[in-house]
Amino acid sequence: MGGQNYSMTLYNTSVTSMLRMRWGRQHCMWLARTVTRRHGQRDTAQILLLRGAKYLSDKNGVTPLDLCVQGGYGETCEVLIQYHPRLFQTIIQMTQNEDLRENMLRQVLEHLSQQSESQYLKILTSLAEVATTNGHKLLSLSSNYDAQMKSLLRIVRIFCHVFRIGPSSPSNGIDLGYNGNKTPRSQVFKPLELLWHSLDEWLVLIATELMKNKKDSTDITSILLKQKGQDQDGTSIPPFEPPGPGSYENLSTGTGESKPDALGGKQEASADCQDVISMTANRLSAVIQAFYMCCSCQMPPGMTSPRFIEFVCKHDEVLKCFVNRNPKIIFDHFHFLLECPELMSRFMHIIKAQPFKDRCEWFYEHLHSGQPDSDMVHRPVNENDILLVHRDSIFRSSCEVVSRANCAKLKQGIAVRFHGEEGMGQGVVREWFDILSNEIVNPDYALFTQSADGTTFQPNSNSYVNPDHLNYFRFAGQILGLALNHRQLVNIYFTRSFYKHILGIPVNYQDVASIDPEYAKNLQWILDNDISDLGLELTFSVETDVFGAMEEVPLKPGGGSILVTQNNKAEYVQLVTELRMTRAIQPQINAFLQGFHMFIPPSLIQLFDEYELELLLSGMPEIDVSDWIRNTEYTSGYEREDPVIQWFWEVVEDITPEERVLLLQFVTGSSRVPHGGFANIMGGSGLQNFTIAAVPYTPNLLPTSSTCINMLKLPEYPSKEILKDRLLVALHCGSYGYTMA
C-alpha cells in the first residue's frame, strides 16, 4: 500500500474544504462533506498519521487543525495533538482569534478536557495563563481597548465553560476552592491571581486619589500614565494614545503584570484625575467582569461568590464612581448588579437617579439583545404561531392559546387573529391587549378588587372562589409581561403595593391606605403616639378572613401571647401591613409573577420604582396645569399670590410632562387625574383637593407629602431656583419623602 495515493472524506456542515497531508512524496486529501460521522474523521486521521502523513498547511495557509477547530471536531483534534503535542498550545492560542466561532472552540476544548483529569487541569491552567496575559494588556493604557476587552472576556467565558463541565464541577452547594477552600482544582486559578492583584492595586490607587480631593494633590495622571523610560530592549515607550488602529506597546512590567504603583519615569500626561478615570473605567470594569465570571463559575446557580461580594464592598466607592460617570457600564460589564440583589441595592440610588428615559432605553436594549425583529410585534414566525382567539370568550381562549404558545417566539413577535375575522396586524394586537386589560379586572373572574379610591385594583384575597384563579393570575402576569416586552400599553391601573410586589419592593404601612384608609390612619397613630399607658391590649395577632371565616392569625410564632409595647410597635405595624398586603394574597402574587417573569427578568425590572412601572405599563397621562391650579387649596400661611406659590406653578409649567406626573404621584399617590379633572381627586375620606402647605425653610430641606390628604408640604424657599432644585430632587427620590397625615 506504500506506493498508493490515499484520499478520505471528512465532514463539515458549512464548507467544502481540503486538508492536505503529505505521506512520503504522495498527497492525501481530506474533502469536507456532510455525511461521515465524527469518529470516521478521527479514524482517518489516525490511519494517515500512523502511516507517516506529514502535517502541512495548504496554499492558503489553512492547516488541518484550523479546519478541525472551525468544525468543532474535538475527536480529530485529539488525534492531531497525540502526534503533534505542540498543537495543544496552538489550540489554546486560538481562543484569542475572534474570527473563530466561540462555540466551536468550546466544543473542541470540552472534548479534550474530558479525556483525563490531568488534561482537564492542563487546559484550564493554560487558558488562565492566556487570560492573565490579555488582562494585563487591557490594563496597559496604550493597548487597543476594544480588541483586548473582547479577547479577555472571550477567553474567560471559554475557561468558565470548560471549568463547569469538568469531572467534578460545582454541585450541591459545594464551593470548590476559589472562595477560600484549598483543593487541587483551585490551582487552575493561580495564574489569574496576578491579574486580580493588579486590578486591586489600580482600584486602591484610584480610591486614594479620589479621597485626597485637593488641588495640590499628586496628579493621578502622573501616577497612572508614568511609564518606564526604557523597555527591556532599551527603546522608549510611547505615551498613551486613544485606543484605535495601529501598534501599541505594553505598559506592563517585565513579569507581564501591570503594576500602577511601579510605573515610573519622566513622562506625564496632561489629563486631570477625572479624565483618567474616564480612560481607565471601562478597562478596569471589563477586568472586574472577568473576575465576577471566574468567581461565579465555581458557585451553584443562584448563589453569589462571597469573595466577589467582599471585593465589591472593599471597592464600593470607586465602583460607584464608575457607575455614576457612565451608568451604562452596568449593562456592558457590571452584569453582577442585575444578577445579585444584595449588590444591586448598593448602587440602586445611582441607577434610579438616571433619567427615566435613559433607563427605559437601557431596559429595552438589554431585554431585546439577540432578538431579531423585536419591534415587529404583529409579525409571526409562521402561520402556526398566530394566536387565534374567540371574541365571545376572549379571556379564556387567550389564556389557552398563550399557555400553549412558545415563550421564546412570543418574545420575538405577536400575531393575533379573532376567530371568523381576517384582520391582522399591529392594530389587532393593540385591540387584543386593550380588551384583555379590561377582562383581567372583570368581577366575574374574582381576580382583582377595586381599591378605596375606585380607580386602582388589588389582587382579591378571596379569588379562590374561582377554581382556576391561580392559572388565571399566571395568565394575567403573562399578558402584562408581554405588553411590557412589546411596548404595548394596557388600560389597567393597580395599587401602589401591587406594583411594589412586581418589583420586589417591601410594602409599608402607608400602602394600606389604598385598601383601607381608616386602618392606615390607625397604624399611623400608633407610630406617632406613646402607647405605654393607653391599655390597648394589642397582641401580635389579628382577626382576619380565612377562606370566608374570621380567624385569629398570629403575626409571628406565639404572637397571641406577645403584647404590643412602645418598644415593639414598629414591628407590629410592619407585620400587620405584611399580613394584609402580602401574606393574604401571597399565592396570587406568586402565580402572577411566575407569568410575568417569563417575559420580563426580575433583574431588569428593578431599574424602575413603582411609579415608573405604572407609566411603563399604562402610559403617560396628560395633565391640564390650568385645571390643576384652579382646583388647588393653600394652607398653613400660603396664599395664591405668595411669591413661593407663583414660583411653584412656574416650575410646574417648565418641567417635563414626565416630571409633572411624578409630582402628581408624589402628592396623591396616583399618576392619574380622575374623570372630571382635579376637582374630583379623592383623598382618604372622600373628595380632597390638591393642597399646598407652608413649611419653615431650612437649607437643603426637601418638600414632603401626605398622600392621604393630597397635601404637598412646600418649604418657604428663598428663590425659584432653589425651589426647583429641591423639588426635582424630591421627585426623583421616589417615595422616600412621603409622610401621612
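The protein exposes about 34100 Å², of which carbon and sulfur atoms supply 50%; such accessible areas come from the Shrake-Rupley method with a 1.4 Å probe, and for residues only the protein chains shown count as cover. The model is a predicted one, in which local features need pLDDT of at least 70 and side-chain atom pairs count only at pLDDT 80 or more, while totals for chains, interfaces and linings use all residues. Residues are numbered from 1 along each chain as its sequence is written, and side-chain values use heavy atoms, with hydrogens and water left out.

**Overall composition**

Of the 741 residues of the protein, 51% count as buried. Buried means under 20% relative accessible area, exposed means over 50%, and partly exposed lies in between (1.4 Å probe, protein chains only). The protein contains 30 helices and 17 strands. These elements are DSSP runs numbered from the N terminus: helices are H or I with at least four residues, and strands are E with at least two. Among contacts (heavy atoms within 4.5 Å) between residues at least 6 apart in sequence, 70% join residues at least 24 apart.

**Salt bridges**

Side chains of opposite charge can pair when their charged atoms come close. A salt bridge is defined here as a side-chain nitrogen of Lys or Arg within 4 Å of a carboxyl oxygen of Asp or Glu, and by this rule the count comes to 18. The table presents examples.

| Salt bridge | N to O distance |
|---|---|
| Arg-157 and Glu-102 | 2.9 Å |
| Glu-650 and Lys-720 | 3.2 Å |
| Lys-409 and Asp-385 | 3.7 Å |

In the pair formed by Arg-157 and Glu-102, Arg-157 belongs to helix H7 (residues 145–164) and Glu-102 to helix H5 (residues 102–113), so the bridge ties together parts that are 55 residues apart in sequence. Arg-157 is partly exposed, at 32% relative accessible area, whereas Glu-102 is buried, at 16%.

Lys-409 forms its salt bridge with Asp-385. Lys-409 lies in helix H18 (residues 407–412) and Asp-385 in the loop between helix H16 (356–367) and strand E5 (387–389), so this pair ties together parts 24 residues apart in sequence. The relative accessible area of Lys-409 is 31%, which means that Lys-409 is partly exposed.

The side chains of Glu-650 and Lys-720 also meet in a salt bridge. This pair links distant parts of the chain, with Glu-650 in helix H28 (residues 643–654) and Lys-720 in helix H30 (residues 720–732), 70 residues apart. Glu-650 is partly exposed, with a relative accessible area of 36%, and Lys-720 is partly exposed, with 24%. Elsewhere, salt bridges that share partners join Glu-102, Arg-106 and Arg-157 into one network.

The structure holds 0 disulfides, a disulfide being a pair of cysteine sulfur atoms within 2.5 Å. Cys-321 counts as buried at 15% relative accessibility, and Cys-360 is buried with a relative accessible area of 14%.

Ile-681 occupies the loop between helix H29 (657–668) and strand E12 (682–683). Ile-681 has a relative accessible area of 6% and is therefore buried. The C-alpha atoms of Ile-681 and Ser-670, 11 residues apart along the chain, are separated by 9.9 Å.

Trp-525 is found in helix H22 (residues 517–528) and is partly exposed, with a relative accessible area of 42%.
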